[in-house]
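Open the model in your viewer and keep the selection panel at hand.

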Amino acid sequence: MLHGALLGSPHAHARIKSYDVSAARAAPGVHCVLTGEDFGDHRMGAFIKDEHAIAKGKVRYVGEPVAAVAAETEAQARAAARLVEVEYEELPAVLTPEEALAPGAALVHAELASYFKVFEAVCGGNVCSRTELAEGDVEQGFRESDLVVEGRYRTQPQAHVSLEPCGALAEVDAAGRVTLWSANQSVFRVQANVCESLGLPMSRLRCLTPRVGAGFGNKMEAHVQPIVVKLALATGRPVKLVLSREEDFEIVRARHPFDLRVRTGVKRDGTFVAREVEVLLDGGAYADDSPGVLGYSLLMARGPYRIPHARCRGTLVYTNKLRFGAFRGFGNPQVSFATETQIDEIAAQLGIDPVEIRRKNALGADDRWFGGQALASNGLRECIDVAERESGWPARGAIRAAPGKRRAMGFACTAHIGGLLGTGAIVRMLEDGTVVLNTGAVDIGQGSDTVLTQIVAEALRLPLEQVSVASPDTDGSPYNWGTTASRVTYTTGRAVLAAAREVERQAKAHAAEMLECAEADLELLPGGVVGVKGVPGKTLPFVAISARAHWRKGGPIVGTHTWVFDQPTVDPKRAVAVGLPFPQIGVYSFGALAVEVEVDETTGKVAVLRAWTVADVGRAINRAAVEGQLEGAFAQGLGFALAEELVFDGPRLVNPTLMDYKVPTSLEVPYALHAHIVEHAEPDGPFGAKGVGEIGINVVAAAIANAVAAATGARLRELPLTAERVLGGLLQREAEAG
Amino acid sequence: MSALARLHRPATVEEAVRLLAGGDGERTRLLAGGATLVAMLNAGLVDPAELVSLAAVDELRGIGTLPDGGLRIGAMTRHRETAADVRLAGTLAVLREAAARIANPVVRNMGTIGGSISFADPAADYPPALVAADAAVEIAGPQGRRRVPAREFFVDWYATALGPNEMVTAILLAPRAPGLGSYDKLYRVAGDYAIVSVALSVAWRDGACARAGLAVGGCGPRPLHLDEADELLRAGRLGAQAARRAGELLAAAADPLDDVRASAAYRRRVIPRMVERALAAARDELSRTA
Amino acid sequence: MSTPYPLALQVNGAEHRLEAALGDTLLTVLRDALALTGAKRGCNQGVCGACTVLADGEPVRACLTLAHECAGREIVTIEGAAGRAQALQEAFVETGAVQCGFCSPGMILTAAAMLERTPRPSADEVRAGLSGNLCRCSGYRKIVDAVLRAAETGAP
Ligand SMILES: Cc1cc2nc3c(=O)[nH]c(=O)nc-3n(C[C@H](O)[C@H](O)[C@H](O)COP(=O)(O)OP(=O)(O)OC[C@H]3O[C@@H](n4cnc5c(N)ncnc54)[C@H](O)[C@@H]3O)c2cc1C
Ligand code: FES
Ligand code: FES
């Protein structure tokens, strides 16, 4: 096996004039050196096909891979990569959305107009996508309001830091067909990205996924897979490349920084009337999932509330920085930081309790989501009640802090979709009556293998040990868009349940013939047995049924089901949408969060002491897994709220190491972290389940900011809430108070 | 690719120094706990030809009591051992508290005091603690041994008083006096280097401060220490006014940088606040126990 | 350059004779030469804790330890988990403390050494003891609970 290594661009924006790979090629152990010249003009991208497998013609951010080497050892490959010489002609770089939008700004993608786009993108210049969603008459709404509060908010880029860095291993067989193992969230997105960016027919590439050391959006779209496949094709040898942590920070993707302007109009009694939101997103050098993040953030910008008049608009801009993309929450944490802290400002100005104002405006059972989609299940009010009760919110006035400290509580509400796109399942009964499930869904640690196994076991009344999950494989698995958008339990679970029901149907058809009775008289009994209702002893084990099917009659029992989520996001009679990239999106989960924080008056440092995270997940098929998602999302949100930030000095990322980029440890996340599950069954979810993967992160920063404001009087509108910012706010308040 | 060609394991300090001197200058490096050096090797930031491991040098291990009642902390003493040593009490507790705040339990089980102070990261925890405790550093070199006060040992960003082919053999501490030592560390998340740290060592006699050592970490090329500030505190009762003045003096003398942990302006702002808090806590503690 | 030198390593109770360059870390040798991939490489810089193994019963970062410095030391990786470490593995599974599992080997070995020293820790002691092992999936709570649970079931 050979090892791959990359050379990154030293420039944010430059034309590649020439390469000299002779020294690298002559270096010890080197089998091949590839540059953009070795790659055809093929582009990939989830929404806009704007990205080559490796820089070609131009580099667009510092660190962007410009050359790749395969050598006998990793050390040799890395040493040789440094010997590749590239001659650049530097171009002016645009490093912020403001710079990118300025008249005469250098264009990150001069050929943008010619790129293939999967949706009706409103784009041009450095604008990658412009989106708008509106309902009602917002001007009229503000005129009707008694109080209008507005604010500008900023959020920072956050790194995923899945503990396993991205990596891939590719092997070419004698016929030239490639097998690719990689860390990913979707074998099918890997297949699509590699084939698009290399110009390969999809049938020539088989993608597999071993165990994955987590992914929070960073492993959904391509990382090094296209380059590794190309190295394997060029050398005819297996090639492995695992990014170092630094490279993982510098060249994969991160959470978008947002610049938000939010205006909300309300009646004196706290009734929400109007909301206007304008967001500006730095998309980085490639579109990646950004148009989706922009659209989704706008869809979430009205929050889980009734606001009859709302207009939300956003602009996504290309810059010469690392691409920003999907990250748990998908724009919701950023927009919720603004909207959910603004609600607290409104509550304070009106003298209404923050929980009360949310309850008053919460979407109810008959309400629709922004855009017009109906909500078949909605446990928001119960989430609010549970968070309020469990946290002891009404008695929070009695909280006392130690000298030198301030303590207070904060509250926030949220919702999130789970769904999107195509999914399938194949449930096969083996000769011995045990069952194998194949969905192509990647378990990235969230526990979907367990949950999907439970669904089959429950449907077929089998013990868990008799159901196994096949590993995702583009050759053998039905299509699955991916482990993303909080979708696997809901969408894949539905396919799995339907496929299991099909197995039940086939098994009963066999049994009816074998027992000479009507199918309708049969039932599944625990342990893999079909029996005649009300006739004890008249039973057949799955093994007998499966043997018949395999060897004598009918053929092996295989249940399959595929489907795609098809309810429209926008009802054109209710709302106007422009440039929204997802016509159908998914079903809604709801949540509420209460936190208690302590602020150190000396330094401004914030500690979260306790938290109550509540979510309506439809039906919790596996409680421990649901709690794990809520707790983990809380921890990641806590990092976003208080500490995490990718810092750029001009074009260069200055903290691409875990020494400098800090994520929360066991001492930052409170042990008093209480996950509470509310169950409002989704009628068409598997056993009533809906999504939970992301919802827990959405309002962590908002709730913490609300608690900090309650503790200090300082309303901070920029993340993260570092000790520095909090102390600044606290001292300013003291100065204002005299 | 590593050019590392020799890994020596001397048994004595003299042998280690000989190996250092016999090597090729910068290309020969001492290896202590490896917590910094191996990370730098991994990242390709250093490329030594020879390493001299100190793991087998018995003399460098552990904490011993000196004839005068003072302590000698061998250069290879792990942070974990220092954090657990009850002899580091009274005025010397500052060192134990600083050791307990370094990194995390696993790194404390690897890193050594010699490695830490030789590397002299200005945000590290030992340097201000040693300066506050007025410790001395014992150094061995081709010319034999010498001692340098900690207050002179730290010279600049990542630079010490160690000469060519010299090494740290021990930290020497005068006998502890009644009083207290404290170490306050402000950080982004647990286990990170300090944004600002305040090390304090106070000898207390007859209800008043007999000697004070106050040093600030993370705020400039070397631990921030002013004789004038120590002097302000001496002979008083660490009153609020003296505390405020000491904090102001240190803040004015600080030379911090903007970095990923915090801005220089914030550090200047927090220094007096943390200093005042440390002194107030010390005052409370001493008046309660004295 | 990178000449391999012979090295005898005691790992999980067995002696391995192999060759390693002087600059090779214990982590590299465990993963690449001995195929003991339980120790993970999350940062190669000492921060994440995923590579933590036991050396003479004490937790160390395999990524910060030169393999040749380990001659004569008894190394235990998660593959050699026995006694306390095994009880911890079971408690991790029962408590739901494993999500992606990338941090689990380092967590479990660090916790095993901690329980050796402090058999009945409080939740806060466990939090402090594991603070050098990052987990990005969980909120740590279930990990702390798993360690408390293993401590309750007592010594192996
Ligand atoms: C994740 C992590 C977090 C950390 N956090 C902190 C923190 O919060 N606070 C803190 O203070 N430190 C921190 N450190 C540093 C750590 O505590 C060690 O003190 C430090 O790495 C150096 O000690 P060492 O024994 O490992 O030295 P080594 O890494 O072996 O050596 C460091 C340097 O010192 C030289 N050297 C070693 N011994 C001697 C000697 N006796 N004489 C002369 N030169 C010598 C070496 O040649 C090398 O240049 C952290 C380290 C890591 C990996
Ligand atoms: S890989 Fe060793 S601590 Fe991260
Ligand atoms: S379980 Fe994934 S990092 Fe801990």
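For sorting residues by class, Ala, Val, Leu, Ile, Met, Phe, Trp, Tyr, Cys and Pro count as nonpolar, Asp, Glu, Lys and Arg as charged, and the others, Gly among them, as polar. This is a predicted model, in which local features need pLDDT of at least 70 and side-chain atom pairs count only at pLDDT 80 or more, while totals for chains, interfaces and linings use all residues. Residues are numbered from 1 along each chain as its sequence is written, chains are lettered from A and ligands numbered from 1 in the order in which they are written, and side-chain values use heavy atoms, with hydrogens and water left out.

**Ligand 1**

Select ligand 1, which lies between chains A, B and C. Then show the shell of 35 residues around it (a residue is near if one of its heavy atoms lies within 4 Å). B:Leu30, B:Thr36, B:Leu37, B:Thr112 and B:Asp125 come nearest. Coloured by class, the shell divides into 18 nonpolar, 13 polar and four charged residues.

Next, look for polar contacts (pairs of N or O atoms within 3.5 Å). At B:Leu37, a backbone N or O atom lies 2.7 Å from an oxygen atom of the ligand. The side chain of B:His79 places an N or O atom 2.9 Å from a ligand oxygen. A polar backbone atom of B:Asp192 is 3.3 Å from an oxygen of ligand 1. Of the 960 Å² of accessible area that the ligand has on its own, the protein covers 96% (Shrake-Rupley method, 1.4 Å probe).

Now switch to cartoon, with helices (H or I, at least four residues) and strands (E, at least two) taken as DSSP runs numbered from the N terminus. In chain B, strand E2 (28-31), helix H6 (113-119) and strand E10 (167-173) each give two or more residues to the shell. H6(B) gives the most, with four.

**Two helices in chain A**

Select A:Ser336, A:Phe337, A:Glu340, A:Thr341 and A:Asp344 in H9(A), which meet A:Ala701, A:Ala702, A:Ala705 and A:Asn706 in H16(A) (contact means heavy atoms within 4.5 Å). By class, this contact has four nonpolar, three polar and two charged residues.

**Two backbone points**

Go to A:Pro720, in the loop between H16 and helix H17 (723-737) of chain A. The peptide bond from A:Leu719 to A:Pro720 is cis, with omega near -10 degrees. Finish at A:Leu421, between strand E18 (405-418) and strand E19 (422-429) of chain A, where phi is near 65 degrees. Most residues other than glycine have a negative phi, and most peptide bonds are trans.

Definitions and conventions:
A polar contact is a pair of N or O atoms within 3.5 Å; within protein, one must be able to donate a hydrogen and the other to accept it, and residues adjacent in sequence count only if both atoms are side-chain atoms.
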